[in-house]
Amino acid sequence: MNSEERSQLIDALIEGDISEADFVRLEAEMLVDAEVRQEYYDRVQVDTLIDVETREQSAGVDSEKIVAFPRRTLWLRTTGIAALLAILATVASVNWFVSRHQNIIATNEVEPTASGYGVVAEHLDAKWASDSASIQRGEILPQGPLVLDAGIVQIDLFSGVALVVEGSANFEILSPMDVRVDSGKIRARVPEQARGFRIHTAAGEVVDLGTEFALDVTPDHADVHVIDGEIEWHPTDADMQHMSKGEALRASNDTATTSPLSHDPSRFIGHEELENTLIRGRSERRQEWLTHSAQLANDPRLLLYYPMSQKGGWNRQLVDLSPHAINGTIVRANRSADRWESENAALDFTAAGSRVRVEIPGEHRSMTLYCWARIDSLDRWYNSLFLTDGHELNEPHWQILKDGRLFFSVKKNDPQVSKGERDKHIYYSPKFWTPAQAGQWFQIATTYDIDARNVTHYINGEIVSREAIAEKWLVETVTIGAASIGNWSEPRYKSADPSFAVRNLNGAIDEFAIFGEALNAEEIRELYEIGKP
Amino acid sequence: MNSADQDTQIVALLTEHQLAIRLYVQSLLPGDHSAHDVAQQANATLWKKREDFEVGTNFKAWAFSVARYEVLNHRKKKARESRRLTFSDEMEDFIAAELPQRVDDLEERQIALRGCMQKLKQTDRELIQHRYLHRTSLAEYAAQIGRTAGSLKVSLFRLRSRLQKCIVHQLNLASSKPGGQQA
């Protein structure tokens with residue numbers, strides 16, 4: 001039996017249109033030949049999928065044009081459930097099941113959630129105690145007790161309340177409307193819609209009536225200053241009293257006594273003052289980085305270097321500051337603020353089709369891919385940092401998976417996919433991004449080190465994973481050629497097919513570099529220290 | 001885990017394995033249009049016996065063993081009506097061992113297939129509708145559109161091959177190609 005005949009017999013079998021003699025012949029082949037069985041599975045699979053698809057479409061389910069791969073569609077699950085329900089209608093407790101299944105759709109495909117009541121809007125040299133770990137700007141504050149050892153933090157609660165907390169402070173955000181302070185200085189600005197916001201202390205609690213107030217809490221007492229508007233002060237063991245703008249008091253924890261205090265808001269850093277200090281600080285750090293960046297541009301190991309804060313802003317050329325002068329072309333991407341909040345100094349790739357086109361000639365060995373990126377969401381299967389066009393032999397791909405892992409590969413083979421061979425090894429980092437980190441800037445670096453035979457992923461100057469390169473997957477000569485930053489261009493754009501893979505990064509990049517060597521951990525660490533906002 | 005939680009989990013697992021169960025049943029019943037109903041019967045049995053399943057253990061294995069049992073049941077019932085060609089036990093053991101390894105990306109494949117089917121010509125789409133949905137005989141349909149049953153068979157064969165290639169291509173494009181065989 002030749003292979004064509006075999007395929008036809010398999011098809012006849014699937015059609016239910018095979019003679020007994022042919023069936024016996026075919027089965028005999030399947031029993032001894034794994035490849036024939038594979039072909040059978042392939043054909044049954046496509047047959048079954050067509051059948052399921054046709055049924056679902058005729059059931060009136062909207063089908064959508066699949067350009068690339070959007071997230072797993074919900075309807076597939078819901079129609080699966082609908083089909084289940086149809087048969088389970090014969091089973092008892094259907095009502096229960098229906099209500100249950102609605103829950104499942106709700107809970108199974110839930111939007112990603114982050115847990116907490118507020119975010120760190122700003123901070124000035126904040127040092128958190130180790131169990132509160134390091135909390136970055138833009139990050140959601142974890143629940144539970146928080147210990148700020150030093151520095152100043154502005155916290156925006158989801159109720160609209162803005163808190164400025166000065167370290168050292170021990171406190172806990174109980175809800176968007178309740179904060180407990182055990183010690184430390186805290187200043188609260190409460191908008192009208194958050195009236196009734198409370199701060200609990202051992203000496204009593206403040207109930208806000210639409211205002212701005214500050215507390216200095218020690219283990220012995222709490223000082224309350226009303227900066228604007230009105231509050232209610234509820235001492236633990238005494239009657240409530242109203243306090244208005246310009247009033248202050250000290251309430252002792254033990255003796256249930258209050259004593260007058262001269263009103264002194266200057267003891268607390270105000271929101272504007274903090275903001276101004278931060279802006280000054282950021283601008284200073286940005287200046288330092290600019291100086292350093294100009295030096296970095298002379299690093300002979302650079303293959304290309306794009307700080308994106310270039311002047312001459314709106315033209316679509318991105319000037320390579322490395323000696324190679326490989327200028328990039330900006331497609332679609334909009335300008336946005338960089339990691340120091342300096343306007344128009346980063347490229348935002350959120351708009352569909354956004355990318356920077358580059359062409360890097362030559363052959364390379366080890367390399368370092370380096371960038372600072374702000375990730376707003378990971379809603380594609382693959383979220384591009386840097387992808388060569390198509391995916392040819394010896395080409396690197398650098399991107400972030402939907403689940404928050406970094407992905408790096410260099411293509412080794414052109415395998416026959418149908419035989420299940422792999423074309424490359426993928427070096428993943430652990431998950432480093434969750435929706436709680438949306439909007440934050442990260443230093444992301446990956447080194448491909450042929451001499452040390454390993455691939456290392458770095459986030460914010462720290463090694464997050466390192467994996468040896470197996471002999472089988474080693475590519476000693478890496479080529480790049482035409483490539484895109486922040487998206488993927490597969491070669492089909494040359495054909496008439498207008499569909500393209502959606503792989504642009506939902507976020508921004510403000511610095512991008514490729515080095516023709518693997519930087520070491522110390523160097524990446526230094527780049528982070530100098531470059532962090 | 002309380003029983004409501006357990007039920008929630010079972011429904012989630014059932015949902016997740018719908019295509020796999022369906023494919024397994026179809027592979028044991030090639031050419032049999034009732035595979036869809038048999039798979040639904042397997043769903044019902046899995047649901048009835050959900051107490052037997054320990055959450056955290058291998059749902060796929062359990063579901064497949066129930067599905068195979070339903071296939072046997074189905075054959076017994078149908079044996080009275082018509083005699084169908086069935087695989088030997090040996091062959092079915094192969095399928096039971098090998099097929100489960102190939103079902104993890106079925107949803108992606110179906111999504112890919114959807115895109116592929118949209119690119120088909122109208123006449124091809126109609127042929128598929130006819131073959132998969134209306135299930136009238138090929139000879140009848142051939143007469144309607146002025147072709148021969150034999151040529152329609154060839155068309156169907158090629159259509160399936162094309163769609164199969166297209167699925168692999170889409171998967172490569174969207175995931176494997178830049179990402180490996182899978183990511």
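I will talk through a predicted model, taking its confidence scores, then chain B, and then the helices and strands of chain A.

Let me begin with confidence, since what we are looking at is a prediction. The model scores an ipTM of 0.91 and a pTM of 0.55. For chain B the average pLDDT is 83, and 90% of the residues score at least 70. Among the elements of that chain, helix α2 of chain B, residues 18–28, has the highest mean pLDDT, at 93, whereas helix α1 of chain B, residues 3–16, has the lowest, at 77. Please keep one stretch in mind when you look at this chain: over residues 176–183 of chain B the pLDDT is below 50, although in the model this stretch has 27 contacts beyond near neighbours in sequence.

The chain has 183 residues, of which 37% count as buried. If we take the contacts in chain B with a separation of 6 or more, residues 24 or more positions apart account for 71% of them.

Now to chain A, and to a pair of its helices. Helix α1 of chain A, residues 3–15, and helix α2 of chain A, residues 20–32, have axes that come within 10 Å and cross at roughly 115°, and the crossing in which α1(A) passes α2(A) is left-handed. Which residues meet there? On the α1(A) side they are Arg6(A), Leu9(A), Ile10(A), Ala12(A) and Leu13(A), and on the α2(A) side they are Asp22(A), Phe23(A), Leu26(A) and Glu29(A). Sorted by class, this contact has six nonpolar and three charged residues, with no polar ones.

Next come the strands of chain A. Strand β1, residues 118–128, and strand β2, residues 145–157, of chain A run antiparallel and are joined by eight bridges; within this pair, Val119(A) stands opposite Asp156(A) in β2(A). On to the next pairing: β2(A) also pairs in the antiparallel sense with strand β3 of chain A, residues 162–175, over nine bridges, and here Val147(A) has Asn170(A) of β3(A) opposite. β2(A) and β3(A) form a hairpin with four residues between them, and Gly160(A), in the turn, has a positive phi of about 105°.

A second hairpin of chain A can be described in the same way. Strand β25, residues 454–459, and strand β26, residues 462–468, of chain A run antiparallel with six bridges joining them, and Ile459(A) has Glu462(A) in β26(A) as its bridge partner. Two residues lie between β25(A) and β26(A) in this hairpin, and Asn460(A) in the turn has a positive phi of about 50°.

Finally, chain A contains an open sheet of eight strands with antiparallel pairing, in the order β14-β15-β18-β27-β20-β21-β22-β23. Why is one side of β14 and of β23 of chain A left without a neighbour in the sheet? β14, 317–318, and β23, 426–431, stand at the edges and each has a single partner strand, so one side of each is left without a neighbour there. For β14(A), the pairing with strand β15 of chain A, residues 328–331, is antiparallel and runs over two bridges, with Leu318(A) opposite Gly328(A) in β15(A).

Definitions and conventions:
Residues are numbered from 1 along each chain as its sequence is written. Chains are lettered from A and ligands numbered from 1 in the order in which they are written. This is a predicted model: local features need pLDDT of at least 70, side-chain atom pairs count only at pLDDT 80 or more; totals for chains, interfaces and linings use all residues. Axes are lines fitted to C-alpha atoms, for helices over the stretch in contact, and angles run from 0 to 180 degrees between N-to-C directions. A crossing is left-handed if the near helix is turned anticlockwise from the far one by less than a right angle, and right-handed if clockwise. Two residues are in contact if their C-beta atoms, placed from the backbone, lie within 7 Å. Ala, Val, Leu, Ile, Met, Phe, Trp, Tyr, Cys and Pro count as nonpolar, Asp, Glu, Lys and Arg as charged, and the others, Gly among them, as polar. A residue is buried if 20 or more other C-beta atoms lie within 10 Å of its own, exposed if 12 or fewer, and partly exposed in between; C-beta atoms are placed from the backbone. pLDDT is the predictor's confidence in each residue, from 0 to 100. Two strands pair if DSSP finds at least two bridges between them.
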